[in-house]
Amino acid sequence: MTPEDLKHLRRARDLIDREYARPLDVPAMARAALMSPAHFSRQFRAAFGETPYSYLMTRRIERAKALLRRGDLSVTEVCVAVGATSLGSFSTRFTELVGESPSAYRARNHSALAAIPGCWAKLVTRPSRNKEVQVTPAR
């Protein structure tokens, strides 16, 4: 992979990070990377370790967790706010990545995260499809 390819892939990843709540599909992401959809998908996975769609869903779930922790929106409102089109698919993906349903996550006490800076809370609560070792704050 060339440095130029990586530059284009980062442009597409930045698009996903910025526009996660709007409808995005692989062809739109590939256009941002100036690649064909099939080539883009292969290169994205090689560079970042997951498919473009998986990365998009991880961003959406990450944002959903933050909105659910606030507690002022219903699960349906959070689903719509993060760009998911189906409550059932959203709930299934959320449960798959987080390990509990959105309703259970919303109902849980999140006061322990209140004292943690947002950038660290984001790292600690980041959903992971690969189930790598989770970072836990030092005591």
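Helices (H or I, at least four residues) and strands (E, at least two) are DSSP runs, numbered from the N terminus. The structure is a predicted model, in which local features need pLDDT of at least 70 and side-chain atom pairs count only at pLDDT 80 or more, while totals for chains, interfaces and linings use all residues. Residues are numbered from 1 along each chain as its sequence is written, and side-chain values use heavy atoms, with hydrogens and water left out.

Leu34 is not a glycine, and yet its phi is positive, at about 60 degrees. With a relative accessible area of 61%, Leu34 is exposed, a word used for values over 50%, whereas buried means under 20% and partly exposed covers the range in between (1.4 Å probe, protein chains only).

Stepping back to the whole chain, we find nine helices and zero strands, and the elements run α-α-α-α-α-α-α-α-α from the N terminus on. Of the 139 residues of the chain, 39% count as buried. A contact means heavy atoms within 4.5 Å, and among the contacts in the chain with a separation of 6 or more, residues 24 or more positions apart account for 56%.

How do the helices meet? Two packed helices are described by the angle between their axes and the distance between the axes. The axes are lines fitted to C-alpha atoms, for helices over the stretch in contact, and the angles run from 0 to 180 degrees between N-to-C directions. The axes of helix 1 (residues 3–19) and helix 3 come within 10 Å of each other and cross at roughly 90 degrees. Helix 1 is therefore roughly perpendicular to helix 3, given that angles under 35 degrees count as roughly parallel, over 145 as roughly antiparallel, 65 to 115 as roughly perpendicular and the rest as oblique. On the side of helix 1 the residues are Asp5, Leu6, Leu9, Arg10, Ala12, Arg13 and Ile16, and they meet Phe40, Gln43, Phe44, Ala47 and Phe48 in helix 3. By class, the residues of this contact of helix 1 with helix 3 divide into eight nonpolar, one polar and three charged, where Ala, Val, Leu, Ile, Met, Phe, Trp, Tyr, Cys and Pro count as nonpolar, Asp, Glu, Lys and Arg as charged, and the others, Gly among them, as polar.

Rings of Phe, Tyr and Trp (its six-membered ring) pair if their centres lie within 6.5 Å, and planes under 30 degrees apart count as stacked, over 60 as edge-to-face and the rest as tilted. A search of the whole structure finds five aromatic pairs. One of them joins Phe40 and Phe44 in a tilted arrangement, with 5.5 Å from centre to centre and 55 degrees between the planes. Because Phe40 and Phe44 are four residues apart in helix 3 (residues 37–48), about one helical turn separates them, and both are buried. Phe40, Phe44, Phe48 and Tyr55 form one aromatic cluster. Arg59 lies over the face of Tyr55, at 4.5 Å from the ring centre; for a charge to sit over a ring, NZ of Lys or CZ of Arg must be within 6 Å of the ring centre and within 35 degrees of the ring normal.

Helix 4 contributes Tyr53, Met57, Thr58, Ile61, Ala64, Lys65 and Leu68 to the contact, and helix 6 contributes Phe90, Arg93, Phe94, Leu97 and Val98. This contact of helix 4 with helix 6 has nine nonpolar, one polar and two charged residues.

Thr95 is also found in helix 6, and at 33% relative accessibility it counts as partly exposed. Leaving aside its neighbours within four places in sequence, Thr95 is in contact with Glu100, Ser101 and Pro102.

Lastly, we come to His110, in the loop between helix 7 and helix 8 (111–114). His110 counts as buried, at 13% relative accessibility. Not counting residues up to four places away in sequence, His110 touches Arg69 and Tyr105.
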